[in-house]
Amino acid sequence: MNDTNQEKRYYAPASRSGEKRVFFIAIILIAAVILGVFGWKEYQLTQPQKISALMSMKTMVNSGDYYFAFAYFDGTEGKFWSDSRGGKGLPIIRSMVDSISKAKGKIEFKNAEEMMNDITYPIYSIFVTGHGGDPILAIYTNGYLILDNHKVYQCEIDFSEFVLASDTYFDASSFDTIKGHSMFRTLATYIGWNKEYLKKSTLLEPEIDGIEVELGISESYISDRSRMRIDMTSQRDDNARYYDTAFVQIQLDGEWYDVPLDMCYRGVRAGGGIYQSLPKGETVSALYDISQYRIGYDSCEKRLVIPVLTDETSGYVFYEFF
């Protein structure tokens with residue numbers, strides 16, 4: 001029989017076929033490893049873990065160069081105390097912070113509105129700044145630890161020793177509302193400015209007549225509105241003086257509210273806290289540092305509140321802006 005009439009058959013080399021099987025098996029194994037790694041990471045996120053913010057607090061306190069503050073409010077009354085480097089409280093603060101740094105929590109992924117609905121009393125607040133770390137403000141309520149960056153952990157933390165220290169070890173000051181309190185500022189900013197946690201302004205009147213206030217032409221805004229240059233001109237016949245430190249208020253639904261200071265602001269706030277002369281007929285330019293309020297470019301109406309003294313009375317002048 002001729003070769004031309006024979007059926008021609010072709011076979012892949014056995015070695016090539018084996019190589020393909022090995023290659024596909026390797027791909028499957030690599031994919032399984034990758035999926036396993038990601039799956040393990042996802043699983044870890046659902047498990048309680050050490051809370052880095054609390055461990056950072058411990059590091060700052062242990063450095064000995066620190067400022068520590070604690071506040072709590074039970075719905076009716078609250079107390080605030082603080083201690084800093086050189087204070088008598090270092091051993092007890094180290095012990096209490098070491099205790100809470102061991103807490104474990106799960107990251108909470110609730111949306112902002114749901115989270116705010118879970119705020120209940122008592123509410124605890126701790127703040128630490130010091131060598132080797134960024135300032136940290138944390139609020140604890142109803143089993144949730146809310147950080148100033150709005151990261152939330154579900155966890156169990158016992159603050160009874162901190163509360164007890166308010167009455168027995170540290171000189172604590174009392175307050176009857178958390179509205180406008182800087183230690184609870186996170187609640188006031190969690191979903192934008194929240195009136196429930198802001199204090200209505202009491203700096204409304206009297207407004208001093210005869211002093212014109214306008215935005216200065218140069219250096220009117222610097223950075224994120226951290227400083228504002230204001231020109232003031234007095235037409236009064238008596239002596240007038242203006243304060244070199246201004247307050248900030250925001251308007252919500254037609255009412256003015258005081259803006260609480262940001263505890264986590266790290267810079268040095270300008271202004272000596274003194275009154276400066278404002279002669280009749282002259283324009284005085286004053287640069288106001290409002291960086292510690294951290295108002296940025298929020299859409300609500302805002303105003304500077306500048307205290308003023310005259311021979312007759314004391315009061316305020318205002319500059320409104322957006």
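Student: Which helix gives the largest share of the lining of the largest pocket?
Tutor: Helix α6 (residues 185–189) does, with three residues. A helix here is a DSSP run of H or I, at least four residues, and a strand is a run of E, at least two, each numbered from the N terminus. This is a predicted model: local features need pLDDT of at least 70, side-chain atom pairs count only at pLDDT 80 or more, and totals for chains, interfaces and linings use all residues. Residues are numbered from 1 along each chain as its sequence is written, and side-chain values use heavy atoms, leaving out hydrogens and water.

Student: What makes W193 a residue that lines the largest pocket?
Tutor: Lining residues have an atom within 4 Å of a pocket point. W193 is on the list, which also includes D148, H150, R185 and D262. The space in this pocket is about 250 Å³.

Student: Why is S291 called buried?
Tutor: Its relative accessibility is 10%. Buried means under 20% relative accessible area, exposed over 50%, partly exposed in between (1.4 Å probe, protein chains only). So S291 counts as buried. S291 sits in the loop between β17 (283–289) and β18 (301–310).

Student: How do you know that S291 and D289 make a polar contact?
Tutor: Their side chains are joined at 2.6 Å. The limit is 3.5 Å between N or O atoms; within protein, one must be able to donate a hydrogen and the other to accept it, and residues adjacent in sequence count only if both atoms are side-chain atoms. The 2.6 Å pair is therefore within the limit.

Student: What does S291 touch, leaving aside its neighbours within four places in sequence?
Tutor: S226 and Y265. Contact means heavy atoms within 4.5 Å.

Student: How do you know that the buried residues of α2 are on the same side?
Tutor: In α2 (residues 52–62), the buried residues are A53, L54, M57, M60 and V61. They cover an arc of only 115° around the axis, so they lie on the same side of α2. That arc is taken from the directions from the helix axis to the C-beta atoms. These buried residues pack against β2 (66–73), α3 (90–101), β5 (123–130), β6 (133–141) and β7 (144–147).

Student: What makes a set of residues a nonpolar core?
Tutor: They are buried Ala, Val, Leu, Ile, Met, Phe, Trp, Tyr and Cys, joined through side-chain atoms within 4.5 Å. The largest such core has 51 residues, and L304 is one of those with the most contacts inside it. Apart from it lies another core of 33 residues, among them M60, V97, Y124 and L147.

Definitions and conventions: On a 1 Å grid over the protein atoms alone, a cavity is a set of points where a 1.4 Å probe fits but cannot get out, and a pocket is an open set with protein on both sides within 12 Å along at least five of seven lines; lining residues have an atom within 4 Å of a point. Grid points are joined across faces, edges and corners, and a volume is the space filled by probe spheres set on the points.
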